[in-house]
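My notes follow in the sequence in which I looked things up.

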Amino acid sequence: MTMDNTTVAITTALTTFVTGYIFGLYASRGYLFSPALQAERRGNLQDPVESEESDVDEDDSLLDHAPNWSNGKAADVKQGLRFGARDAAPKLKLTNEECKLVLVVRTDLGMTKGKIAAQCSHATLACYKALASNPDPNSTARKMLARWEKYGQAKIAVQLKSQDEMLQLCRKAREMGLTAEVIKDAGRTQIEAGSMTVLGVGPAPRSLVDEVTGHLKLL
């Protein structure tokens with residue numbers, strides 16, 4: 001009986017090992033995925049475009065074109081890192097609707113994927129700090145931010161092709177009482193200094209944000 005149990009255990013272990021090995025081999029080669037996913041995976045692996053973005057300036061070790069959070073919004077605007085930064089209007093009403101943040105990226109600047117990622121990070125933090133700076137924990141801004149954090153911090157990246165359109169959307173968002181932050185590049189790497197790269201709208205109720213950015217295509 002003991003010998004039979006040992007044989008069964010060894011056979012089971014070997015079968016599990018072989019099955020797992022074969023499954024892993026097929027999965028790593030994409031055989032278990034749909035044709036669409038396989039094509040996307042091959043495209044990502046073979047993409048010849050490599051980011052040349054560097055978040056650190058080798059000369060002075062300062063963050064590359066990052067807004068200076070320690071100096072506040074006025075310093076950022078003066079240094080050309082943020083455009084017209086200001087808090088959302090206090091009249092905005094909080095609902096039970098899901099909140100989201102939309103990042104509007106200019107595609108006409110020819111930024112690499114790494115550059116876009118860095119600029120979107122700046123815009124996300126700018127919008128977050130604009131709402132978090134309200135000293136009243138019971139304010140609409142703070143409650144809206146808390147709701148956004150609690151339910152997954154939804155972020156959507158969309159695209160447009162001109163600075164004028166970006167400014168129009170920024171103006172519309174602020175007129176509605178939404179947080180809207182525009183990031184301007186310092187010009188240390190790829191694009192001209194002062195270029196407006198990303199507009200962050202929100203976090204705010206989904207329906208309100210969609211009134212500003214709902215017509216734009218996903219990035």
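I began with helix 6, residues 163-175, in what is a predicted model. I found that helix 6 has 13 residues and reaches 18 Å from its first C-alpha to its last, close to the 18 Å expected at 1.5 Å a residue.

Next I asked which residues of helix 6 are buried. I listed Met 166, Leu 167, Leu 169, Cys 170, Ala 173 and Arg 174. Looking down the axis of helix 6, I saw these buried residues fall within an arc of 160 degrees, so they line one face of the helix. I noted that residues three or four places apart point the same way, because an α-helix has 3.6 residues a turn. On the face of helix 6 turned away from the buried side, I found the exposed residues Asp 164, Gln 168 and Glu 175.

I then checked both ends. At the start of helix 6, a side-chain oxygen of Ser 162 comes to within 3.1 Å of the backbone nitrogen of Glu 165. Just after helix 6, Gly 177 has a positive phi of about 90 degrees.

Last, I turned to the cysteines. How many disulfides does the structure hold? I counted zero. For Cys 170, I looked up the closest cysteine sulfur, which is in Cys 127. The two sulfurs are 9.4 Å apart, too far for a bond, since a disulfide needs the sulfur atoms within 2.5 Å. Cys 170 is buried, at a relative accessible area of 2%.

Methods:
Residues are numbered from 1 along each chain as its sequence is written. This is a predicted model: local features need pLDDT of at least 70, side-chain atom pairs count only at pLDDT 80 or more; totals for chains, interfaces and linings use all residues. Side-chain values use heavy atoms; hydrogens and water are left out. Buried means under 20% relative accessible area, exposed over 50%, partly exposed in between (1.4 Å probe, protein chains only). Helices (H or I, at least four residues) and strands (E, at least two) are DSSP runs, numbered from the N terminus. The expected span of a helix is 1.5 Å times one less than its number of residues. The arc is that of the directions from the helix axis to the C-beta atoms. A polar contact is a pair of N or O atoms within 3.5 Å; within protein, one must be able to donate a hydrogen and the other to accept it, and residues adjacent in sequence count only if both atoms are side-chain atoms.
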